[in-house]
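Please examine the sequence together with the three-dimensional structure shown below. The explanation that follows leads through selected helices and contacts.

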Amino acid sequence: MPSARALRHALLVALTRAAVSLACLWSGFRAVSDDDYSRVVIAARFAHHPALDPSGTSWLPLPFWLYGVPMALFGDELAVARGVAVLLGAASAVLVWIAAKWLGLPERAALWGALGAVLLPYGSWLSAATVPEAPSAALLVLGLVSLVRPEAKNRAWGGVALGAACFCRYEAWAPALAFSVLTAIEAWRLERRALWLAVGFATAPIALWLLHGVVRHGDALFFVARVRQYRAALGGESHGWWTALWQTPFSLVRFEPELFAVAAVALGLSLNEGRSPFAASAWRPVAALAALVAFLIAADATGGSATHHPERSLLPVFWFLALVTAGLVVRLADEDARPWRLPALALPLALLASVLLRPDVRKTFVERREEELVGGVLQSLGAQKIALDTDDFGFFAVQAALGYGKSWPVFEHDPRKVERRPASTSELAARLHRDGAEWLVTTREREALAQPLGVTRFLTPRFNVFRLAQPALDQRP
């Protein structure tokens, strides 16, 4: 059983993560991209109509199960989804703290390493958003750190963690396979049959999803083609190997430059003193994380990387490095004859790295507060059968705020589809009549098309919300 001190440390880490997530939301942050809202919409649909593959797309299923079950119990509101995100962020932070303990760090180093991971800016945004990056990263770190432990029980739990991560994000597959190879070699060489269980736990979800692809889509790798097609339709191109070989590693430093500055100084001082900074088996999780980076480089080079914010896939590396850095710093503070050297060298370098390298990622996040407002007002009015005529993917935010089954987009903005947005009042009326709409949300730029079809119920700076009149909808092109 864990000690009282360990429980206090775990609680402190969880509460700190929850407080940081709430601070992000209080500051105005709502979502990384429109995918956040799209995921909420799919989870709400799962809450009403459970399915093993909730999205029916290339997205992996576990995040929708994790969000959909609470939404089935407590309501399909956006606030419930955000509450789940905060709780998952707190659980992720505790998993990172457990990983620090498994890594063999002393109590103080484990606590500071986990708190350092909690306070890293990019992970803070991702932990507050309704996306699976934080849980997936924490599961990855925990699973890979189990490679340093000889106990079969820890390795089995590591395999379970990696298997769960593989049902969240595709980039987890590469380190999970590396884990499986290393564990299989150890099981074979040392004749430890119990380790094969960990291999099965880590690889079973991958095999199941490939089988799902064959059965449902006729192609085990259906998701690769879908990601590439969507990326290409959006105008994204593969960067080629030369660009990818430097771009992904540079992102490691660019998006958490202060962490890398402190880590570099702590590692340099440790090596200068002739100390071995790592345990003999620490190369195993490092090798598995290198497999993750190699996977991301290959995806970037061949056009299969994420369509937006590809650096979010590096979160496991950031969190693992935070733990390693905490271990080095605490060891130097305890053993270095000149402990002043670390802050004297690390703090100026971290400040310089922050000024020169850190991007303002908040400028790249979507701003959908107005769409959320529209959805919230319509929900308070008890509106049903709402057509959403937006200029972009903002309709997902309106749908997420409304709840399940009350709205649909007039135009999906899917670059892979050949579709035409209604360009006249009569065309719009025909579309709304066909779909049985009773309300219409449209942009202020297109409100003239809708004026003959209903009465404005409320306005925002960007949107006009109409209560439609049935006789007006009977117009024909």
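Serine 38 is buried, since its relative accessible area is 8% (buried means under 20% relative accessible area, exposed over 50%, and partly exposed in between, with a 1.4 Å probe and protein chains only). This is a predicted model, in which local features need pLDDT of at least 70 and side-chain atom pairs count only at pLDDT 80 or more, while totals for chains, interfaces and linings use all residues. Residues are numbered from 1 along each chain as its sequence is written, and side-chain values use heavy atoms, with hydrogens and water left out.

Serine 38 belongs to helix α2; helices (H or I, at least four residues) and strands (E, at least two) are DSSP runs, numbered from the N terminus. Apart from neighbours within four places in sequence, serine 38 is in contact with Trp59 and Phe396, where contact means heavy atoms within 4.5 Å.

Tyrosine 37 is also found in helix α2, which covers residues 34-48. With a relative accessible area of 1%, tyrosine 37 is buried. When neighbours within four places in sequence are set aside, the contacts of tyrosine 37 are Arg30, Ala31, Leu78, Arg82, Val366, Arg368, Glu372, Phe396, Ala397 and Ala400. Valine 148, by contrast, lies 111 residues from tyrosine 37 along the chain, and the C-alpha atoms of the two are separated by 38 Å.

**Salt bridges**

Arginine 368 forms a salt bridge with aspartate 34, with 2.9 Å between the closest N and O atoms (a salt bridge is a side-chain nitrogen of Lys or Arg within 4 Å of a carboxyl oxygen of Asp or Glu). Because arginine 368 lies in the loop between α16 (341-357) and α17 (369-380) and aspartate 34 lies in helix α2, the pair ties together parts that are 334 residues apart in sequence. Arginine 368 is buried at 7% relative accessibility, and aspartate 34 is buried with a relative accessible area of 12%.

Glutamate 370 forms a salt bridge with arginine 462, the closest N and O atoms being separated by 3.9 Å. This pair links distant parts of the chain, 92 residues apart: glutamate 370 is in helix α17, and arginine 462 is in the loop between β4 (454-459) and β5 (463-468). Glutamate 370 counts as buried at 17% relative accessibility, whereas arginine 462 counts as partly exposed at 33%. A network of salt bridges links Asp34, Arg368, Glu370, Glu371, Asp392 and Arg462.

Arginine 108 and aspartate 334 also meet through their side chains in a salt bridge, at 2.7 Å from N to O. Here the linked parts of the chain are 226 residues apart, with arginine 108 in helix α5 (residues 107-119) and aspartate 334 in helix α15 (residues 315-335). Arginine 108 is partly exposed at 42% relative accessibility, and aspartate 334 is exposed at 51%. In the whole structure, a search finds 27 salt bridges.

**Helix α9**

Helix α9 (residues 173-189) has 17 residues and reaches 24 Å from its first C-alpha to its last, close to the expected 24 Å; the expected span of a helix is 1.5 Å times one less than its number of residues. The helix is mostly covered, as 12 of its 17 residues are buried. Among them are Trp173, Phe179, Leu182 and Glu186. Just after α9, glutamate 191 takes a positive phi of about 55 degrees.
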